[in-house]
Amino acid sequence: MNSREPMIPEADRLFRQALRPYREAEPRGDWQTLVAMLPPASSAPTVPLLLRLLAFLEWLFIQPVILPQGSPQADLLNRQFLSVRMIS
Amino acid sequence: MEERTVILRLQQGDRQALAWLYERHKGAVYRTALAMTRDESAAEDILQECFIRLYTYAASLDPDRPLRPWLYRVTLNLVRDWSRKRRFAHPVEELMDWLAALAAPIPSVEGEMERSETIELVHQVIDALPTAHREVVVLFYLEELPIETIAETLDIPVGTVKSRLHYARRRLRESVQRRQRSLPELAYEFT
C-alpha cells in the first residue's frame with residue numbers, strides 16, 4: 001500500500017461489515033424470563049455492609065471519646081448513624 | 001408514549017413501565033453485549049442483569065436525560081465484570097484466545113482468501129483490542145453513535161474517542177498489510 005490514508009475508509013468499511021450481523025441479533029429470552037428474576041418491589045438498594053460497619057464504629061467510638069455528649073457534632077453523628085440504619 | 005413519563009412510572013415501581021423500556025432498548029443492549037463478548041449466553045445474561053439493575057436503581061435516574069447512554073454504561077460495566085470472571089475461571093481458554101489473536105494476521109492457508117476470512121481477520125483485530133478501545137469501536141461502528149455521544153456515554157474526552165478509533169484502524173491496517181505481504185496477489189482489495 002502506497003499511502004496510509006486510503007486504508008482509513010477501507011478500515012471503516014471493514015469494521016462496519018464485520019459488525020453488521022450483530023445488528024439483526026435478537027435475544028432469545030423474553031420479558032417473562034426477566035420478570036421472574038426481578039427483586040420484590042419493596043426491596044430498595046441496601047447500604048453496603050462496610051458502610052454500615054463504619055457508621056457503627058464512628059458512632060460507637062468517635063462520639064463518646066472526642067465529642068462531648070449533647071454537642072451539635074454528637075447530634076449530627078447520631079442522626080447520620082440513624083439514617084444509615086433506616087435506609088439499610 | 002414519552003420515555004420521561006415511563007421512567008417516572010418505573011420510579012413508582014411500575015413493572016409495565018419496565019416492560020415498555022425493555023422492548024424499546026433490549027436490542028441495543030443485547031447486540032452491544034454480544035459484539036463485546038461474542039458469546040450469546042453471556043449476552044443474554046448481561047441483558048437481563050442490565051434491566052434488573054434498571055429496575056433496582058430506577059430511583060437514581062434523571063427522567064429528563066435519555067436512558068440509552070445509562071444502559072450502554074451498565075452493559076459495558078457488566079461486560080467488564082464478565083471478562084474478569086471469565087479470565088479467572090478459564091485461564092487456559094483465555095490464553096488460547098490470546099494466542100489465536102496473535103497468530104491471526106498471517107493466515108495458515110495458502111491460495112485464495114475468502115471474504116469470510118477477511119471478516120474473521122477484522123473480528124480477530126477487534127477481539128485483540130484493549131477493552132476500552134473495543135467499546136469505542138462497537139459503539140461507533142455497530143451502534144453508529146456520534147463521537148460526542150460516545151464520549152459522554154463513556155465519560156471520556158472526545159479526543160480520546162478519536163484516538164481510540166484511530167488506534168483500532170491502524171491495528172486493522174497493519175493486520176491487513178501483514179496478510180497482504182503473505183498473500184501479495186490479494187493486495188488489490190485494499191489499495
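Predicted model: local features only at pLDDT ≥ 70, side-chain atom pairs only at ≥ 80, totals over all residues.

Reply: Three residues of H1(B) are buried: B:Val6, B:Ile7 and B:Leu10. Around the helix axis they span an arc of only 100 degrees, so they sit on the same side of H1(B). H2 of chain B is included in what covers these buried residues. After H1(B) comes B:Gly13, which has a positive phi, near 90 degrees.

The largest nonpolar core has 53 residues, and the members that touch the most other members are B:Ala33 and B:Val137. Among the helices that each supply at least two residues of this core are H1 (3-11) and H2 (15-37) of chain B, and chain A takes part through its helix H1 (7-23). Chain B also contributes through H3 (40-56), H4 (68-89), H6 (115-128), H7 (131-142) and H9 (158-182). H2(B) provides the largest share, 10 residues. Domain 1 (1-89) and domain 2 (90-191) of chain B both give residues to the core, so the core lies between them.

Leaving out residues up to four places away in sequence, B:Ala33 touches B:Ala42, B:Ala43, B:Ile46, B:Leu47, B:Thr75 and B:Val79. One of these, B:Ala42, belongs to helix H3 of chain B. Apart from neighbours within four places in sequence, the contacts of B:Ala42 are B:Ala33, B:Thr37 and B:Trp82. B:Tyr30 is 12 residues from B:Ala42 in sequence, and their C-alpha atoms are 9.6 Å apart in space.

The other chain comes next. Chain A has four helices and zero strands, in the order α-α-α-α along the sequence. Of its 88 residues, 10% count as buried. Between the chains, 26 residues of chain A are in contact with 32 residues of chain B. On the chain A side, the elements that give two or more residues are H1 and helix H2 (31-37) of chain A. H1(A) gives the most, with 12 residues. By class, this side of chain A has 19 nonpolar, three polar and four charged residues.

A:Leu38 is an example of a residue that reaches across to chain B. It is in the loop between H2 and helix H3 (49-66) of chain A. A:Leu38 touches B:Ile52 and B:Tyr55, not counting residues up to four places away in sequence. A:Leu38 has 15 C-beta neighbours inside 10 Å and therefore counts as partly exposed.

Last, the confidence in chain A. Its mean pLDDT is 71, and 52% of its residues reach 70 or more. Within chain A, confidence is highest in H1(A), at 87, and lowest in helix H4 (residues 72-87), at a mean of 63. Over residues 1-5 of chain A the pLDDT is below 50, and this stretch has four contacts in the model beyond near neighbours in sequence.

Technical notes:
Residues numbered from 1 in each chain as written. Chains lettered and ligands numbered in written order. Core = buried A, V, L, I, M, F, W, Y, C linked by C-beta atoms within 7 Å. Buried ≥ 20, exposed ≤ 12 C-beta atoms within 10 Å, placed from the backbone. Domains from an automatic or database assignment. Contact = placed C-beta atoms within 7 Å. Nonpolar A, V, L, I, M, F, W, Y, C, P; charged D, E, K, R; others polar. Arc of directions from axis to C-beta. pLDDT = per-residue confidence, 0-100.
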